[in-house]
Amino acid sequence: MTPPENITTWHDARYDMPVSRQLERYNELAARNASARARAELMARGTYDPARHGAEDRPPLTVAEHLELLALAESIARTVRHPANVHHALLAGATWADIALALDSDAATLRRDYRQWADDQHDLNRHHPTLGMTADEYSAAIARVTREQP
């Protein structure tokens with residue numbers, strides 16, 4: 001499968017496109033955008049020097065490219081901010097306080113979000129037994145939500 005021709009939503013960006021490719025495209029667009037903006041700023045100030053700053057044209061991003069940049073950023077953020085990362089940190093022994101500090105959040109919010117994610121994973125498993133959390137995994141996750149940690 002290939003991604004849609006015009007990436008305009010974060011969902012389009014996730015369409016069979018690994019996060020490494022999303023990052024490459026995001027970096028490409030962000031660099032072009034920064035370069036074009038810097039050149040335009042230097043020209044507006046009257047300090048643009050082709051010998052020093054390069055003579056090549058640096059056109060601004062198109063509207064479609066700006067939307068793609070936004071969609072890629074959101075897709076990347078949602079991918080790397082996935083709730084499963086909290087789950088794995090808990091399994092590794094992190095406390096809610098540790099996670100709250102790392103995410104600049106509070107434990108109550110994190111517990112609520114984790115509980116919702118676990119509920120969704122368990123629901124997924126009930127409909128598709130090879131996916132999501134089994135009943136035992138779900139019980140353990142709920143115990144992690146309610147357990148007080150030092």
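Visitor: Hi! What should I know before I start?
Guide: This is a predicted model, where local features need pLDDT of at least 70 and side-chain atom pairs count only at pLDDT 80 or more, while totals for chains, interfaces and linings use all residues. Residues are numbered from 1 along each chain as its sequence is written, and side-chain values use heavy atoms, with hydrogens and water left out.

Visitor: Thanks! At what angle do H6 and H7 cross?
Guide: The axes of helix H6 (residues 96-103) and helix H7 (residues 107-127) cross at roughly 100 degrees and come within 9 Å. Helices here are DSSP runs (H or I, at least four residues), numbered from the N terminus. Axes are lines fitted to C-alpha atoms, over the stretch in contact, with angles from 0 to 180 degrees between N-to-C directions.

Visitor: Parallel or perpendicular, then?
Guide: H6 and H7 are roughly perpendicular to each other, a term for angles of 65 to 115 degrees.

Visitor: Which residues meet there?
Guide: Trp-96, Ile-99, Ala-100 and Leu-103 in H6 meet Ala-107, Leu-110, Arg-111 and Tyr-114 in H7, with contact meaning heavy atoms within 4.5 Å.

Visitor: New topic: where is Ala-135?
Guide: Ala-135 sits in helix H8 (residues 135-146).

Visitor: Is that spot buried or partly exposed, and why?
Guide: Ala-135 counts as partly exposed because its relative accessibility is 44%; that class lies between buried (under 20% relative accessible area) and exposed (over 50%), using a 1.4 Å probe and protein chains only.

Visitor: And how far is Tyr-48 from Ala-135?
Guide: Their C-alpha atoms are separated by 65 Å, and the two residues are 87 residues apart along the chain.

Definitions and conventions: Helix = DSSP H or I, 4+ residues; strand = E, 2+ residues; numbered from the N terminus. Parallel < 35°, antiparallel > 145°, perpendicular 65-115°, else oblique.
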